[in-house]
Amino acid sequence: MSTLALSRRRRCSGGSTIAAVTGSALVALGIVAVQGEWSSFGPWPSLAAVVDIVAGLLSIVLLFAVRHSPVRIALVLSALLTVSAAAMPAAGTAALWVAQRRRLPVAIGVALAGVAGHVIRAAWRPTPDRSMVLWTIVVAASYAALVGWGAQNQARRALVESLEDRARRAEEDQAHRVAEARRGERTKIAREMHDVLAHRLSLLAAYAGALEFRPDAPPDELARAAGVIRDGAHQALEELREVIGVLRDDPAEPESDRPQPTLSDLPRLLDEARAAGTPVRLDDRRADAGTVPDVLGRTVYRVVQEGLTNVRKHAPGQEATVLLGGRRGRNLLVVVINRTGPATDDPGRIPGSGSGLVGLRERVQLAGGRLDAKSGHGRFRLWAVLPWPA
C-alpha cells in the first residue's frame, strides 16, 4: 500500500473518531438543554413548553440525517429554533456541517436563517433580564465563528487533497519515467546485441558453411577458417558477457572499456566480410573526407554492418557495394547495395529475425537522420541520411 493510501486511511479513521465523539457530545448537550427547558416550566409545563421540548428532541433526531442533506436539515433546524431553545446545539452543528462542505454563500445563508430563528424565538418569548440587541449580536457572532471555522476546515481539506493529488501524480510520473528509462535502456541493449552478435554469428555461420561444403580444402585453409571461427566465437562470448553484465546491473561487474567502433574501423569490417565470402567494394565520394564525429561514425559503421549482415543472410556470395557521400556541414549519405540472388530453400541459410532494420531505424532517428530500405530490379538498397555537423 502506498504512503498516500495510508495517510488517507489514517485521516479517515481519525475523522470518524472525532465525528463520533462530537456527535455524542452534541446529543448529551441536547438532552441537557431539553431537561433545562423542562425544569424551567415547573412541574406542569404549558403547551409552549411541550412544543419546545418536542422540537428539541426532534432536532436531535434530525441531526443524524444532516450528512445526507445538510442544507435542508440545517434550514429545518433553524425553523425549529423559533419554538425551541433545545434545538440550539443541533442547529449550530448543522450550520457548521454546511460551512465545512458547501460554498461560502450557502453557508452564510444557513447562518442567517439560524440567526433569524433565534431572533424570532427571543421576540415572542423574551427574557426580562436579557437585552434583545446584545442577544442578537452574540448569536450573530456565534454563527459567524461557526461559518469561519467551517470555511477554514474546508480550505484545509481542499489543500490536503490538492497536495495528495500532486503527490500521487508525482509518484505516477516518477514511475512512468522509471519505466520509460528501463524500456529505453532495454531497447538500446537489444539493439546493440543485435548489431554486434548478429554480425559476429553470421560470420561464424559463413565460415562454418565453408568448412562443411569444402572438407577437401587444403589443411592451411581449414586451419585458418577454424582459427577465425574460434576467434569469432571468443569475441561473440565477450560481447555477450558485456551485454549480460549491463542487464544484471551488478555493481561488482567491471564496466567494459572496449572502444566502440567508428568510421575508421570500416576497412576492418569490410575485410571481415570479404574473408567470409562476401565481395565488398567501397565507393567513397565524400566531398570533404575530414574528421567525422565518433557518434556519427559509429552510426555509419552500424548501418554498413547491418547491410553486410543482411547480405550474408539473404544473398550469400553476392557482391555488395558500400557508398559514402556528402559534405561536412550538410549531410552524410551511406548506401549498401547488393544483388538479391535467387530464392532458395537452403536449410543452411542463416535465418533473420526481422528486428535488425527496426533497431537500426531507431538508431538513425536518434542521430537525427532517416533510414530506408527498398528491393527492386534484382537489387536491395539500404541507405541512411545523417546530419554531418560542420
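In which sense do strand S2 and strand S3 pair, and over how many bridges? The views below take up this pairing and the sheet around it, in a predicted model.

**View 1. Strands S2 and S3 form a hairpin.** S2 spans residues 320-326 and S3 spans residues 331-339. The two pair in the antiparallel sense, over 7 bridges. Gly326 stands opposite Leu332 of S3. Between the strands lie 4 residues. In this hairpin, Gly329 takes a positive phi near 90 degrees.

**View 2. Strand S3 also pairs with strand S5.** S5 covers residues 379-387 and runs antiparallel to S3. The two are joined by 9 bridges. Val334 has Ala384 in S5 as its bridge partner. Arg339 is bridged to Arg379, also in S5.

**View 3. Five strands make an open sheet.** Their order is S1-S2-S3-S5-S4, and the pairing is mixed. S1 (280-286) and S4 (370-376) stand at the edges. Each has a single partner strand, so one side of each is left without a neighbour in the sheet. On average, neighbouring strands of this sheet are turned by 10 degrees against each other, direction ignored. Strands of a sheet pair through backbone hydrogen bonds, either parallel or antiparallel.

Key
Residues numbered from 1 in each chain as written. Predicted model: local features only at pLDDT ≥ 70, side-chain atom pairs only at ≥ 80, totals over all residues. Heavy atoms only, no water. Pairing = 2+ DSSP bridges. Axes fitted to C-alpha atoms, helices over the stretch in contact; angles between N-to-C directions.
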